[in-house]
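Colleague: I am new to this structure and would be grateful for a close look at a single part of its surface. Please set that part within the chain as a whole.

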Amino acid sequence: MTAVGIDVSKGKSTVAVRRPGGEIVMMPFTVLHTAEGLAELTNTLRSIGGEIRVVMEHTGMYWRPIALALKEGGFFVSVVNAMLIHDFSDNSIRKVKTDRADSLKIANYALTFWQDLRDYSVEDETRQMLKIQSRLYERTLNSSIALRNGLISLLDQTFPGANKLFDEQRTKAGHIKWVDFVRRFWHKDCVAASSLSTFADTFQKWCKRTGYHYSLSDAERIHGIARNSVATLTKNDSTKLIITQAVDSLNAVYDTLQILRSEMQHLASMLPEYEVVMAMQGAGPITGPQLMAEIGDVRRFTSKGALVAFAGVDAPPFQSGTFDSKSRHVSKRGSPHLRRVLFTICSVILQHSDPENAVFQFMDRKRAEGKHFYVYTVAGGAKFLRIYYAKVKEYLNTIDSQTGCVA
């Protein structure tokens with residue numbers, strides 16, 4: 001048996017080959033992630049002969065080129081969580097951190113857990129694309145929050161309180177009414193300098209043109225607020241340019257978010273478990289696809305507990321001698337993206353307060369015990385994942401049995 005340990009980095013990897021008994025077949029060497037470099041690595045490993053297992057860390061997306069190339073070459077490839085490699089002891093008290101040392105350590109890990117290694121299977125393209133879209137949506141949403149806060153900061157100097165003039169109603173394009181409003185009425189004097197009747201007429205025409213609801217009471221309220229506001233920036237072309245550019249930048253991000261939401265829905269609807277997941281309370285147009293993106297094929301987890309641990313919302317036991325801890329924090333050693341989605345889902349479930357929902361019942365019981373909001377929300381997330389695992393796995397197994405496929 002021959003173990004190949006690969007320490008992955010961007011654009012290149014360090015490869016080491018070991019056998020039992022401490023034998024080093026090949027000293028660590030560097031492989032570029034190019035067509036020529038990967039083809040040469042495949043031929044080199046083939047020349048060794050015998051049973052070979054390749055192990056590498058799940059490091060971002062850098063591992064994919066070399067994993068796919070070796071998989072196509074017919075090798076057994078196992079992609080391992082980086083935390084498992086980090087916590088693995090290489091029988092040394094020295095802390096050596098180099099690519100060469102890490103590749104030897106990974107090869108030693110492969111020899112130690114030879115029988116437990118799981119063969120990597122190429123992910124379904126739809127699931128992979130959904131995950132990429134979900135992560136892109138998350139980053140874009142963070143950008144929109146930063147731009148929104150920046151715009152509010154500017155409005156505090158030109159039209160204080162403008163961001164609170166309307167409810168957060170959105171158009172089909174994903175725009176927000178107050179954001180579009182301040183592009184036209186970017187300074188409080190754009191409203192206050194006119195009479196109420198003149199502003200009401202202008203405001204009505206703006207609502208008709210942009211597709212927003214108009215009411216005279218809104219016009220009267222806005223006019224009163226503008227008359228009572230104090231602006232610290234004067235009304236001039238420079239101020240107008242600053243506000244309009246900030247609005248245009250924010251709306252451009254909102255347009256992108258709308259496109260991403262539509263694409264996420266499209267990709268999620270192509271997955272077999274879509275209807276089952278979307279029927280679960282808390283799984284909405286955004287959280288549903290995000291949930292499926294972050295979990296992937298639920299059948300890759302051996303148990304409900306494995307899925308909960310993957311999310312990092314489990315509380316591992318801690319006992320030594322006569323000490324047995326009764327109060328444990330969650331591990332947070334899993335996917336932060338999945339934890340974020342779970343927190344949103346549990347917040348939605350709490351808002352619905354459906355007594356028939358098992359997750360709400362569980363959280364409500366914890367809340368009645370005096371637990372903190374964060375504690376019972378995280379516990380509800382673990383409960384939700386267990387239900388998700390049972391429902392989705394049962395459904396997928398039923399489909400496999402009907403089609404004759406093997407999971």
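Modeller: Residues 24 or more positions apart supply 65% of the protein chain's contacts with a separation of 6 or more, a contact being heavy atoms within 4.5 Å. The model is a predicted one, in which local features need pLDDT of at least 70 and side-chain atom pairs count only at pLDDT 80 or more, while totals for chains, interfaces and linings use all residues. Residues are numbered from 1 along each chain as its sequence is written, and side-chain values use heavy atoms, with hydrogens and water left out.

Accessible areas follow the Shrake-Rupley method with a 1.4 Å probe, and for residues only the protein chains shown count as cover.

Helix α16 (residues 373-403) gives the largest share of this patch, 3 residues. Phe373 lies in helix α16 and is partly exposed, at 36% relative accessible area; that class falls between buried (under 20%) and exposed (over 50%), with a 1.4 Å probe and protein chains only.

In the protein chain as a whole, 43% of the 407 residues are buried. The chain's accessible surface is about 21,600 Å², with 53% belonging to carbon and sulfur atoms.

Technical notes. Helix = DSSP H or I, 4+ residues; strand = E, 2+ residues; numbered from the N terminus.
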